Amino acid sequence: MENNELKIMLKDNKLKATKTRLEIYNYLKSNYTHPSIFDIYKDVKKKLPGISYTTIYNVVNLLVEKGEVKQLSTFENKKRYDGNTSDHIHLICLKCGKIEDVSLDLVEIKNSVKDHGWEIKETALNIYGLCNKCKKKN
């Protein structure tokens, strides 16, 4: 979603397209590290020094609620956020917590689920293992 589309979505939901909301949205759409709220706060604070942790938390949760950002729960019980809302797989390192996106065709999996009579509302697939860096350390 471009900034203009985000502005329309916010307006349709009777919300203002504030500089803060746009900055957090743009940060998440351009960041592929799957940051936590604290990571987002730390980085966005560089551009918006007066921003509070609570504001970041509230804006990110609004974006999740509206489907503009995905929330991930990892093995470390730490919520992480993904601006990539397309169907994809997450590779999650059990040692360092790194999360990497892998784009694969999930049509076959979705069709199999539908064959079982399920209606798919959201797709999230996580694969846990060791990243190359951690694998080499072992």
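Helices (H or I, at least four residues) and strands (E, at least two) are taken here as DSSP runs, numbered from the N terminus. The structure is a predicted model, in which local features need pLDDT of at least 70 and side-chain atom pairs count only at pLDDT 80 or more, while totals for chains, interfaces and linings use all residues. Residues are numbered from 1 along each chain as its sequence is written, and side-chain values use heavy atoms, with hydrogens and water left out.

The chain holds 6 helices and 5 strands, and from the N terminus on these elements follow the order α-α-α-α-β-β-β-β-α-β-α. The C-alpha trace spans about 45 × 40 × 20 Å along its principal axes. Of the 138 residues in the chain, 32% are buried, where buried means under 20% relative accessible area, exposed means over 50%, and partly exposed lies in between (1.4 Å probe, protein chains only). The accessible surface of the chain comes to about 9,100 Å², and 51% of this surface belongs to carbon and sulfur atoms; such areas come from the Shrake-Rupley method with a 1.4 Å probe, and for residues only the protein chains shown count as cover.

Contacts, defined by heavy atoms within 4.5 Å, were also sorted by sequence separation: among those between residues at least 6 apart in sequence, 43% join residues at least 24 apart.

Helix α3, which covers residues 37-47, includes Ile40, a buried residue with a relative accessible area of 0%. Leaving out residues up to four places away in sequence, Ile40 touches Ile24, Tyr27, Leu28, Pro35, Lys45, Ile56, Val60 and Tyr81. The C-alpha atom of Ile40 is separated by 18 Å from that of Glu76, which stands 36 residues apart from Ile40 along the chain.

Rings of Phe, Tyr and Trp (its six-membered ring) are said to pair if their centres lie within 6.5 Å, and planes under 30 degrees apart count as stacked, over 60 as edge-to-face and the rest as tilted. By this rule the count comes to 1 aromatic pair, formed by Tyr41 and Tyr53 in an edge-to-face arrangement, with 5.7 Å from centre to centre and 70° between the planes. The pair links distant parts of the chain, with Tyr41 in helix α3 and Tyr53 in helix α4 (residues 53-65), 12 residues apart. Tyr53 is partly exposed, at 39% relative accessibility.

Thr20 belongs to helix α2 and is partly exposed, at 21% relative accessibility. Apart from neighbours within four places in sequence, Thr20 is in contact with Leu48, Ile51, Thr55 and Val59. Thr20 and Leu63, 43 residues apart in sequence, are 12 Å apart in space from C-alpha to C-alpha.

The loop between α2 (19-30) and α3 contains His34. Most residues other than glycine have a negative phi. His34, although not a glycine, has a positive phi of about 55°, and this residue is buried, at 1% relative accessibility. The contacts of His34 beyond four places in sequence include Leu72, Tyr81, Asp82, His90 and Asp101. Asp82, which lies in strand β2 (residues 79-82), is likewise buried, at 2% relative accessibility. With the same exclusion of residues up to four places away, Asp82 touches His34, Val69, Lys70, Leu72, His88, His90 and Asp101. The C-alpha atoms of Asp82 and Asn31 are separated by 8.0 Å, although these residues are 51 apart along the chain.

The cysteines were examined last. A disulfide is a covalent bond between the sulfur atoms of two cysteines, and the criterion applied is a pair of cysteine sulfur atoms within 2.5 Å. A search of the whole structure finds 0 disulfides. Cys96 is in no disulfide, and the nearest cysteine sulfur, that of Cys93, is 3.7 Å away. The sulfur of Cys134 is 3.6 Å from the closest cysteine sulfur, which is in Cys93, and this is too far for a bond. Cys96 is partly exposed, with a relative accessible area of 45%, whereas Cys134 is buried, with a relative accessible area of 4%.
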